[in-house]
Amino acid sequence: MTDYGLLTAQLRAFAEEEGNFVPLLSNASALLYSSLERLNWAGFYLVRDGELLLGPFQGRTACIRIARGKGVCGSAWERDRIEIVEDVHAFAGHIACDSTSNSEIVVPIHGTAGQVVGVLDIDSPEVGRFTEEDRAGLADFVKELERWLRF
């Protein structure tokens, strides 16, 4: 069982030390990747010029750009909601950036004006890896992250 309260407190400590979003997102992805079990990717995509652009991450190589509404990340951005996909190969429009990924959770990140400015994306090689506990814990983690982002 993951201690999301501890992860969120660790994120807050990083944010208090350095407010720049690049090191903050870098440490956030490392924290998640090293703390959650059975992952092959944890990181961020940021909205830039009308698409999602790859940001700081840990894990296997990734797609560089994702269109709004495409794949799990683009769908979470367009719908502005957390997406949990038990089997990405059954998800209509799935983008296969890494053939070893089988399940995914994506959490939208909101800017100061309430708009989606990016997404947290976490992939697993295990089908059905992500639970409602992960949804709630990662939602709180992202809420803490949103307190520190200035865009």
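Predicted model: local features only at pLDDT ≥ 70, side-chain atom pairs only at ≥ 80, totals over all residues.
Let me start where two helices touch: Leu7, Gln10, Leu11, Phe14 and Ala15 of α1 meet Leu24, Asn27, Ala28, Leu31, Leu32 and Ser35 of α2, where contact means heavy atoms within 4.5 Å. Sorted by class, this contact between α1 and α2 has eight nonpolar, three polar and no charged residues, with Ala, Val, Leu, Ile, Met, Phe, Trp, Tyr, Cys and Pro counted as nonpolar, Asp, Glu, Lys and Arg as charged, and the others, Gly among them, as polar.

Residues are numbered from 1 along each chain as its sequence is written, and side-chain values use heavy atoms, with hydrogens and water left out. Helices (H or I, at least four residues) and strands (E, at least two) are DSSP runs, numbered from the N terminus.

Back to the pair of helices. The axes of α1 and α2 come within 10 Å and cross at roughly 155°, the axes being lines fitted to C-alpha atoms, for helices over the stretch in contact, with angles running from 0 to 180 degrees between N-to-C directions. The two helices are therefore roughly antiparallel to each other, since angles under 35 degrees count as roughly parallel, over 145 as roughly antiparallel, 65 to 115 as roughly perpendicular and the rest as oblique.

Now to the cores. A nonpolar core is a set of buried Ala, Val, Leu, Ile, Met, Phe, Trp, Tyr and Cys residues joined through side-chain atoms within 4.5 Å; buried means under 20% relative accessible area, exposed over 50%, and partly exposed in between, with a 1.4 Å probe and protein chains only. The largest such core has 27 residues, and Leu32, Leu120, Ile122, Leu138 and Leu145 are those with the most contacts inside it. At least two residues of this core come from each of α1 (4-17), α2, β1 (41-48), β5 (103-110), β6 (116-124) and α4 (132-148). Apart from it lies another core, of 16 residues, with Trp41, Cys73, Ala76 and Val119 among them.

Which residues does Leu145 contact, leaving aside its neighbours within four places in sequence? They are Leu11, Leu24, Leu25, Phe44 and Ile109.

Ser29 lies in helix α2, residues 21-35, and counts as buried because its relative accessibility is 1%. Ala42, in strand β1, is buried as well, at 0%, and, not counting residues up to four places away in sequence, Ala42 touches Ser29, Leu32, Tyr33, Phe57, Gln58, Asp121 and Ile122.

Helix α3 is mostly covered, with seven of its nine residues buried, and these buried residues pack against β1, β2 (51-59), β3 (65-67), β4, β5 and β6.

Let me finish with two loop residues. Asp80 sits in the loop between α3 (71-79) and β4 (83-85), and Asp80 has a positive phi of about 50° although it is not a glycine; with a relative accessible area of 37%, Asp80 is partly exposed. Arg38, in the loop between α2 and β1, has a phi near 60°, a positive value in a residue other than glycine. Is Arg38 buried or partly exposed? With a relative accessible area of 40%, Arg38 is partly exposed.
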